[in-house]
Structure formats: C-alpha cells, structure tokens
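Hi,

Here is the model I said I would pass on.

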Amino acid sequence: MEIVRESGKIILKNSDGIVEEYNFKDNIDLKKLVELLLGDNLTHTFTLKDKLDDKTTEEENLVSVIKDLIDDYNSKVTEYGEFIAEEKAV
C-alpha cells in the first residue's frame with residue numbers, strides 16, 4: 001500500500017487500485033481501509049509506503065493512524081500464524 005497526494009486529496013492505494021480518498025473538509029472514518037483489512041482474514045501482512053512530502057500536522061496524524069491500524073493488523077496476522085503453527089504441532 002502507498003499513501004500519496006493527488007489533486008489536493010490524500011489517497012491510499014494498494015495493488016488493486018484506490019482503497020480510500022481522504023479530504024480534511026469531510027469526515028474521515030477509514031471505513032474502506034478497515035473493510036479491506038477485515039476482508040483479508042489474517043492471510044497476509046501489509047506495508048505502507050508514505051509518499052507524502054511536506055506533510056501538514058493533519059496529514060501526519062492521518063498517516064500515523066493508518067500506520068497504527070496496519071501495524072496492529074499485521075501483529076494479529078503474526079499471532080494467528082503462530083497459533084496455527086502451534087495447533088498443527090500438537
């Protein structure tokens with residue numbers, strides 16, 4: 001995944017296309033990002049490439065929240081993988 005600025009909007013993209021667009025004039029709920037992560041069913045981890053230059057405080061906060069969500073999801077993927085490995089070993 002990557003986060004970029006295009007035409008004044010902050011856009012979160014993955015290999016399939018645009019995940020979500022963010023505009024600070026509108027409510028930001030991260031719904032589509034959360035749906036993407038939940039829909040993945042703990043099958044693989046995600047990385048976020050921050051391609052925003054000269055970020056405002058709001059943009060820094062948004063990127064931080066998105067990174068935190070992805071990092072938390074990735075830790076759950078790891079925990080789930082370890083659980084499955086332990087169950088197979090029993």
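First, a word on naming: helices (H or I, at least four residues) and strands (E, at least two) are DSSP runs, numbered from the N terminus. With that rule the protein chain reads β-β-β-α-β-α along the sequence, which gives two helices and four strands.

Some housekeeping before the details. This is a predicted model, where local features need pLDDT of at least 70 and side-chain atom pairs count only at pLDDT 80 or more, while totals for chains, interfaces and linings use all residues. Residues are numbered from 1 along each chain as its sequence is written, and side-chain values use heavy atoms, with hydrogens and water left out.

**Overall picture**

The C-alpha trace spans about 55 × 20 × 20 Å along its principal axes. For burial I use relative accessible area: buried is under 20%, exposed is over 50%, and partly exposed is in between (1.4 Å probe, protein chains only). Of the 90 residues in the protein chain, 28% come out as buried. Accessible areas are from the Shrake-Rupley method with a 1.4 Å probe, and for residues only the protein chains shown count as cover. The chain's total is about 6,200 Å², with 47% of that belonging to carbon and sulfur atoms.

A contact here means heavy atoms within 4.5 Å. If you take contacts between residues at least 6 apart in sequence, 53% of them join residues at least 24 apart.

On charge, Lys and Arg count as positive and Asp and Glu as negative, leaving out His and the chain ends. Each charge is placed at NZ of Lys, CZ of Arg, CG of Asp or CD of Glu. That gives 12 positive and 22 negative side chains, with the centres of the two sets 5 Å apart.

**Helix α2**

What span should α2 have? The expected span of a helix is 1.5 Å times one less than its number of residues. For the 33 residues of α2 (residues 57-89) that makes 48 Å, and the end C-alpha atoms are 48 Å apart, so the two agree.

The buried residues of α2 are Glu59, Leu62, Val63, Ile66, Ile70, Tyr73, Asn74 and Val77. They pack against β1 (2-6), β2 (9-14), β3 (17-22), α1 (31-39) and β4 (49-50).

Leaving aside residues up to four places away in sequence, Ile70 touches Met1, Phe46 and Leu48. Met1 is 69 residues away from Ile70 along the chain, yet their C-alpha atoms are separated by 9.9 Å.

**The aromatic pair**

A pair of aromatic rings is described by the distance of the centres and the angle of the planes. Rings of Phe, Tyr and Trp (its six-membered ring) pair if their centres lie within 6.5 Å; planes under 30 degrees apart are stacked, over 60 edge-to-face, and the rest tilted. By this rule the count is one aromatic pair. Phe46 and Tyr73 form it, and the pair is tilted, at 5.8 Å centre to centre with 55° between the planes. Phe46 sits in the loop between α1 and β4 and Tyr73 in helix α2, so the pair ties together parts 27 residues apart in sequence. Phe46 is buried at 12% relative accessibility, and Tyr73 is buried at 8%.

Thr47 is in the loop between α1 and β4 and is exposed, with a relative accessible area of 54%. Thr47 and Asn14 are 33 residues apart in sequence and 9.7 Å apart C-alpha to C-alpha. For Glu6 and Thr47, the figures are 41 residues in sequence and 20 Å in space, again C-alpha to C-alpha.

Glu6 itself lies in strand β1 and is partly exposed at 34%. Not counting residues up to four places away in sequence, Glu6 touches Ile11 and Lys13.

Which residues other than glycine have a positive phi? Ser7 has one near 55°, and Asp54 has one of about 50°. Ser7 lies in the loop between β1 and β2 and is exposed, with a relative accessible area of 80%. Asp54 is in the loop between β4 and α2, and it counts as exposed at 75% relative accessibility.

Cheers
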